[in-house]
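Please read the following briefing alongside the sequence and the coordinates shown here.

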Amino acid sequence: MKGKILNALVILTSFFGYLEWGGDNSTFLFQAEILLLSKLVTDASSILHPFTILPFLGQLVLLYTIFQKRSGRLLTFIGVVGIGILLGFMFIIGVISKHYNTALSTVPFLVTAVLTIRYHRRHSPESSQ
């Protein structure tokens, strides 16, 4: 059960990444995902980019692991990496560009992702329910 809770926390903390760009433009990732989902219906080709598709697929994979009888270790790693690509870059870019709000907004995800990976590495798939 702890593995499923950690996977859910990884998904939840990924929603609160904060993006800032060009002047007064900013958004949280959950707001950007809502916009992407609405564009998926109307103009799917406009959202086809690795930094939009991979994190979204990572969230879907982690969501799938929550509803499995046993949360799969490999699927958890794939999901965390999918989301982590975007949030890791956001952290690095936030530090380099001195947008500390962006960098700090990724810390809950990064900490939760590390704890989740450590948990799943130490527990066999049979014991992480």
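Lys-98 counts as exposed because its relative accessibility is 60%, where exposed means over 50% relative accessible area, buried under 20% and partly exposed in between, computed with a 1.4 Å probe and protein chains only. The model is predicted, with local features needing pLDDT of at least 70 and side-chain atom pairs counting only at pLDDT 80 or more, whereas totals for chains, interfaces and linings use all residues. Residues are numbered from 1 along each chain as its sequence is written, and side-chain values use heavy atoms, with hydrogens and water left out.

**Lys-98 and its loop**

- Lys-98 sits in the loop between helix H4 (73-96) and H5, and although it is not a glycine, Lys-98 has a positive phi of about 60°.
- As background, most residues other than glycine have a negative phi.

**Overall fold**

- The protein has 5 helices and 2 strands, which are DSSP runs numbered from the N terminus (helices H or I of at least four residues, strands E of at least two).
- In sequence order, the elements of the protein follow the pattern α-β-β-α-α-α-α.
- The protein is as compact as a globular protein of its length, because its radius of gyration of 15 Å is close to the 14 Å that the globule rule gives for 129 residues; the radius is taken over C-alpha atoms, and the rule is 2.2 Å times the number of residues to the power 0.38.
- Along the principal axes, the C-alpha trace spans about 50 × 35 × 20 Å.

**The hairpin**

- Strand S1 (residues 18-21) pairs with strand S2 (residues 25-28) in the antiparallel sense over 4 bridges, pairing being assigned if DSSP finds at least two bridges between two strands.
- Tyr-18 has Phe-28 in S2 as its bridge partner.
- S1 and S2 form a hairpin with 3 residues between them, and Gly-22 in the turn has a positive phi of about 35°.

**Thr-112 in helix H5**

- Thr-112 belongs to helix H5 (residues 100-122) and is buried, with a relative accessible area of 13%.
- Apart from neighbours within four places in sequence, Thr-112 is in contact (heavy atoms within 4.5 Å) with Leu-6, Leu-9, Val-10 and Thr-13.

**Burial and surface**

- Of the 129 residues in the protein, 33% are buried.
- Among contacts between residues at least 6 apart in sequence, 63% join residues at least 24 apart.
- The protein exposes about 7900 Å², of which carbon and sulfur atoms supply 71%, with areas computed by the Shrake-Rupley method and a 1.4 Å probe.
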